[in-house]
Amino acid sequence: MNEPIQPEIAEKIKQLEKKFRNSGQDLGSYLDGLLHDKYLTYWDYIHLDTLLSLQIPRTHFPDEEIFITYHQITELYFKLIIHELKQIIDDKLQIAEFFTAKIERVNRYFRVLINSFDVMIKGMDKEQFLKYRMSLLPASGFQSVQFRLIEIYSTPLAHLVNTNERDRFTEKAPLEEVFEYLYWKSGATDQHTGEKTLTLKQFEYRYTPRMMRIAHQVKESTIFHKYQELPEKERNNAHLIKALRTFDVNVNINWLLMHMGAAYRYLNREKGAVLATGGTNWKSFLPPSFQKIHFFPDLWSEEEKENWGKQWVAHQFNTEK
């Protein structure tokens, strides 16, 4: 004896019929497909086998697998961060609560990355690293386009100009002109000859069109602009301001200092520092007190901007000695 269809099931069937009628298909066809469909598994859903096949060391040193895996994890978190930033940029509601929730997610992702960086600083054999890094030339973490896109989505390009040239540009300056003076380019340029390293040349050739396309897309709608355009009451929300300041510190101080800690452990020498992979000069490029990049300069006092990252840098070097 067949049991009667429960009212709530009948109602769901009606809803499904309406849904699929609007798509030009009948419910019966979809139910046939459902009957023949295989059960979903965890490993198929996240493509586990493919994911675990992507760590391909170039040498026989065991710790190279740690190096590859951690960088891949980092890029996945960068993808999540960009996912949140794009939602803020696309938002039309202009509500501080939504803005704050998304920035707090971004801060949570960066906190995971910052707190896990001991995997890089203390989790690899130093002698192994100094050997297998030579097989990676000229590849470098410098070439992470997703990190550059986080910067581009977050603030006007004029805020990312090398500190020595920043007064030359306003937010109205042509983006192509501003782009040539972004701070990170000096980190992969020979300080004596002005010649770009191969690392920088490769990166520019591969990603400049994409970066410029996105820079034009968000020219007046970066996270900085979206905050400025909020109604005054929403803009003065204390939780939002705190979240944005934390975001600025996480990206432009704490994340850089984690890289400084790794570079200081693996590349520093009594007779001078070893160049980072790709030839970047990490001692002049990484310190936040040298670059003074602020996504939201209006949220910081002049004293705070002048002392940007100094106390963190002093603490870092004192703990490494």
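Predicted model: local features only at pLDDT ≥ 70, side-chain atom pairs only at ≥ 80, totals over all residues.
Reader: Thanks! What does Lys196 pair with in a salt bridge?

Author: Its partner is Glu204, with N and O 2.8 Å apart. A salt bridge here is a side-chain nitrogen of Lys or Arg within 4 Å of a carboxyl oxygen of Asp or Glu. Glu204 counts as buried, because its relative accessibility is 12%.

Reader: And how many salt bridges are there by that rule?

Author: The count comes to ten. Another one joins Arg245 and Glu304, whose closest N and O atoms are 3.1 Å apart. That pair links distant parts of the chain, with Arg245 in helix H15 (residues 238-267) and Glu304 in helix H18, 59 residues apart. Helices are DSSP runs of H or I with at least four residues, strands are runs of E with at least two, and both are numbered from the N terminus.

Reader: Nice. Where do Glu302 and Lys305 lie?

Author: Both are in helix H18, three residues apart, about one turn of the helix. Glu302 counts as exposed because its relative accessibility is 59%, whereas Lys305 is buried because its relative accessible area is 16%. Elsewhere, salt bridges with shared partners join Glu180, Lys185, Lys196 and Glu204 into one network.

Reader: Switching to the surface: which residues gather in the patch of negative charge?

Author: Glu171, Glu220, Glu229 and Asp298 do. Patch residues have over 30% relative accessible area and no salt bridge; like charges are joined within 9 Å, and nonpolar side chains (Val, Leu, Ile, Met, Phe, Trp, Tyr) within 5 Å. Lys and Arg count as positive, Asp and Glu as negative, and His and the chain ends are not counted. Each charge is placed at NZ of Lys, CZ of Arg, CG of Asp or CD of Glu.

Reader: Is Asp298 buried or exposed, then?

Author: Asp298 counts as exposed, because its relative accessibility is 56%. You'll find Asp298 in the loop between helix H17 (288-291) and helix H18 (302-306).

Reader: What makes up the nonpolar surface patch?

Author: Leu51, Leu52, Leu54 and Leu76, covering about 380 Å². Accessible areas come from the Shrake-Rupley method with a 1.4 Å probe, and for residues only the protein chains shown count as cover. Leu51 sits in helix H4 (residues 48-52).

Reader: Last topic, the backbone. Which peptide bond is cis?

Author: The one from Leu137 to Pro138, with omega near -5°. Pro138 lies in the loop between helix H8 (126-132) and helix H9 (145-154).

Reader: What about the phi of Gln94?

Author: Gln94 has a positive phi of about 55°, although it is not a glycine. Lys292 also has a positive phi, near 50°. Why mention these? Because most residues other than glycine have a negative phi, and most peptide bonds are trans. Gln94 is in the loop between helix H5 (64-90) and helix H6 (96-115), while Lys292 lies in the loop between H17 and H18.

How values were computed:
Residues numbered from 1 in each chain as written. Heavy atoms only, no water. Buried < 20%, exposed > 50% of the residue type's maximum accessible area, 1.4 Å probe, protein only.
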